[in-house]
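Please read the following account with the sequence and the model open side by side.

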Amino acid sequence: MVQHDSNPRARREKLLVREMMASGETVVYDLANDTAHCLNRSVALVFRHCDGSSSVAEIARSVTMELDEPFGEELVRLALDELGEASLLEEWAGADLEAGVMSRRQALGRIGKGALIAALVPLITTIIAPTPAAAGTCLPSGATCSSGFQCCSGQCVSSQCV
Amino acid sequence: MGSAGVTRVLDAGTAGITGTVTARGVRAGGFARPVGLVDRSGNTQWQLAGSSSAIKMVVDSPGWYQVSWQDLAGAGLNVDEASSQNLQLYADGVQQPMIVDPPAGPLSPTPSGAIEFYGMPDDTPSSGSRTYWLIIGDGPGLRVEPSNGTQTGPGKVRTVAYTVESRERTVYVPGLLNGDRENFFGPAIAADPAIVTLPADDLSDGSGSLQVAVQGLTGDPFTVNVQLNGRTVGDLDVNGAEWTDRTFEIKADDLAGGDNQVTLTRQDDSSVALVDFVRLTYPRTTSASGDQTFLQFDRAASGERVRIDGLTSQNVKVIDLSDPSRPAVLDATVTQAASGFTVDVTVPQSSGTGGEVPTMLVVDGAQAPAGIQLNSPSAWHRSTNAADMVIIANHEFMSAAEPLRAFHESEGLKVAVVDVQDIFDEFSYGSKSPHAIRDFLSRAHSVWSTAPRYVLLLGDASYDPRDYLGYGEDLVPTRLVDTDELETASDDWFADFNGDGVPEMAVGRIPVDSAEEAVATVQKIADHEASQGPLASTLMVADAAKGDNFAAMNQRIEGHLPTGTSVENVNVDDVGAAAAHTMVIDALNGGAQLVNYSGHGTVDRWRGDVLTTTDVAQLHNQGNLPVFTMMNCLNGVFQEPLLEGLGEALIRAPEGGAAAVWASTGTTSSSLQEELVRAFYSELRNDPSLRLGDAARRAKAAVNDSNVRKTWVYLGDPAMRIEGAQ
């Protein structure tokens, strides 16, 4: 029987992670399936704190401090749900309990509306990373490249955008 | 065996160590320039560049050079006229000392003679070589003097600290904003560790150091574990996307004779860094290493005797390079040993004037320059020059410029065709440098009796002017500048003398890579200019609205087009990308004379593949070459040897393509691009006889954004008009 961690742990294998300093977003490129995920700031913070040793409550406290806004366990669970769906979490013992997690709509209803509040609601946008042949704009982190000019970062290392 | 006071050796002779920066190589580092002064007035250099009898010798690695009379005579030195005492050697406009054999008298009876000198290459982002100029002067030239040594006896110093360095240049990173420093680095520290190999021969007792320098690329701080031959020597903390170095102490036991492997491993799963250099300093015997061995000593060792063994010749020279601008031959006692020869010599005194440390070069065999040739005299600095247009061409493309020169002279412009090497000779002592082109244009602008208004650069450029990657050197350099997001090419920089981003001359480039391509492309453009009729048809292409409404942008620009032209609109939102692609190709082959694209794109394509470099082969519009304005990102890139830009592909297309392309080498906002292109067309609407380079220059003046001003490049002839005679 496989033993799972009791606390959430972010997947680290075959991922390229790039933080966008200006927006606070994090782009995670999944090398396993050529998929890029854009994590908004709150879910990016949750992702960062999923070290396998922090409980949901501890993560909520850490994120609250870094956002300087209340960020409760329910929102952490919503973020974990999104991370799980994006295959960015390792299996963990609490995952099954996330089945009843509230939706984004419920979360918005719970914590209020408005651009500032909405930005706190965990959100992951997933795209299929384009190849250079298909791109008319810059390529995200992890995409295949032959020139740094093709990459949003301007950095093409070992045929992959950094 | 003594080792007191000896601290460091710099090498240029270990097997496989070339002394130069190579894409995959190991080199010595840290030597000062060979010249103490640079003649900034230009007067001396202009005399050298104007000499029809000067011999240019190109040096691409540090070392002791020897050139025979036969080689000099073969290059064109008139030895019958030369008196050896009047031979003079120059670098950077300053006379350099040399050894001349014979030291006096006529040269012709002594064909076995030679000159010898210490040569040191440039090490700039543009050049890894330096030109030494040999002339027959009016008086005696500077000579290398013997050092007045008084000590004798066997050497006691037998160990030195010796430095070898790996500085690979395999990755170019345009996304790194680091000013004038080059954006080339070595292997990546990513999912796989970087492994660097350094040779360490003739190991001795004692400790050493390992210096590791990396450029971080990712945002978060991270740690790189450093191992030497499988043993961790420490960690290097990298503060995100910054350059960082650290020096680790090592023991002789950490090293292996021969190759030593340095392994750099990130301690997380996502950070990426590139190796700048790895420098190993280790205790080494004073054995000679190859033909030339650099030895650098602690000041405390001055006056001590050192023994160097492992020499193959008794004709060894030991040169004092403590002040590289004044090398001196040291007294050396050569002794035959059981195997080869040894030499005992006194460590020179440091002059102390420039913080120099005692340094010597043991020469067991001299090297030859990378190139020797007779100077082709030029005098483009003179105020008596006059031209409305200057074509700066790679030497191989000079004759290809003729059709455009002839066409513009036929319409009353005075045209000067200038070999770019002449500009380097007059304005950067012979070394390749974009600054030389700017200095030349600035001088022409201010002192020529007729100041040029148009500048055409005939030849491709590269972000890799030193050809680290092996795709060939650039032919007429560009200037790489930092913008808000990336380093990229800026040709208008050459004529932006007051630094406001708006050039004082209209600059264009025909980015051709071979003489054949130069002939075909220049002829294509000259034929177009000579035969073009009135402007009758315009194609406006709009990308799908995604954030910006590109069709609306085109509509606004349409109101500023020159009068009398029909307009065909192709909007991706209306017809889809695939149909738009077909319509664009058909319109181009149908004779569209003016094309504007508003939308997204990258180096080689418009978004959705509405037009790509691979489409260029389908264009057969030789009789109606259009002018393109491309309001997107990066279509103007011509400096990328690994990926052809759409603009340069259209210009170079043999059976059609474009007469001119105005596009950005960078990323600029669509609203600013619209402002720029609207101003461009307004200028042409107001005066259809305006030359396109003038319209582009005035349009830049109307847009107060530094990224737009820097990155928009005009590919084609800047003196071309939008339409021919009515």
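Two strands are taken to pair if DSSP finds at least two bridges between them. By that criterion, β22(B) and strand β28 (residues 359-363) of chain B, in what is a predicted model, pair in the antiparallel sense over five bridges. Within this pairing, B:Gln296 has B:Thr359 of β28(B) as its bridge partner. The two strands belong to an open sheet of five strands in chain B, whose order is β10-β25-β24-β28-β22 and whose pairing is mixed. At the edges of this sheet stand β10 (145-146) and β22 (292-296) of chain B, each of which pairs on one side only. As background to both this sheet and the next, strands of a sheet pair through backbone hydrogen bonds, either parallel or antiparallel.

A further open sheet of chain B consists of four strands in the order β15-β20-β17-β18, and here the pairing is antiparallel. Its edge strands, pairing on one side only, are β15 (194-200) and β18 (231-238) of chain B. Neighbouring strands of this sheet are turned against each other by 25° on average, if direction is ignored. Inside the sheet, strand β17 (residues 222-228) of chain B runs antiparallel to β18(B) and is joined to it by seven bridges, and B:Phe222 stands opposite B:Val238 in β18(B).

Two loops of chain B deserve a look at the level of the backbone. Most residues other than glycine have a negative phi, and most peptide bonds are trans. Against that background, B:Asp202, which lies in the loop between β15 and β16 (207-216) of chain B, has a phi near 55°, a positive value in a residue other than glycine. The peptide bond from B:Asp101 to B:Pro102 is cis, with omega near 5°, and B:Pro102 is found in the loop between β7 (99-101) and β8 (114-119) of chain B.

Turning to the helices, one can begin with helix α7 (residues 550-558) of chain B and helix α11 (residues 670-686) of chain B, the axes of which come within 9 Å and cross at roughly 20°. Angles under 35 degrees count as roughly parallel, and α7(B) and α11(B) are therefore roughly parallel to each other. The crossing in which α7(B) passes α11(B) is right-handed. From α7(B), the residues B:Met553, B:Arg556 and B:Ile557 meet B:Ser670, B:Glu674, B:Val677, B:Arg678 and B:Tyr681 of α11(B), and by class this contact has four nonpolar, one polar and three charged residues.

At what angle do the axes of α4 and α5 of chain B cross? Helix α4 (residues 420-427) of chain B and helix α5 (residues 434-447) of chain B cross at roughly 85°, with axes that come within 9 Å, which makes α4(B) roughly perpendicular to α5(B). Here B:Ile423, B:Phe424, B:Glu426 and B:Phe427 in α4(B) meet B:Ala436, B:Ile437, B:Asp439 and B:Phe440 in α5(B), and the residues of this contact divide into six nonpolar, no polar and two charged.

The contact is made by A:Ser42, A:Leu45, A:Val46 and A:His49 of α1(A) and by A:Ile59, A:Ser62, A:Val63, A:Glu66 and A:Leu67 of α2(A), and by class it has five nonpolar, three polar and one charged residues. The crossing of α1(A) and α2(A) is right-handed.

The contact between the chains takes 30 residues from chain B and 23 residues from chain A. On the side of chain B that touches chain A, β12 (171-172), β39 (601-602) and β40 (605-606) of chain B each supply at least two residues, and the residues of that side divide into 16 nonpolar, eight polar and six charged.

There remains the question of confidence. The predictor gives the complex an ipTM of 0.84 and a pTM of 0.83. Chain B averages a pLDDT of 90, and 92% of the residues score at least 70. Over residues 1-37 of chain B, however, the pLDDT is below 50, although this stretch has 136 contacts in the model beyond near neighbours in sequence. Where pLDDT is low, the predicted coordinates should not be read in detail.

Technical notes: Residues numbered from 1 in each chain as written. Chains lettered and ligands numbered in written order. Predicted model: local features only at pLDDT ≥ 70, side-chain atom pairs only at ≥ 80, totals over all residues. Axes fitted to C-alpha atoms, helices over the stretch in contact; angles between N-to-C directions. Parallel < 35°, antiparallel > 145°, perpendicular 65-115°, else oblique. Left-handed = near helix turned anticlockwise from the far one by under 90°. Contact = placed C-beta atoms within 7 Å. Nonpolar A, V, L, I, M, F, W, Y, C, P; charged D, E, K, R; others polar. pLDDT = per-residue confidence, 0-100.
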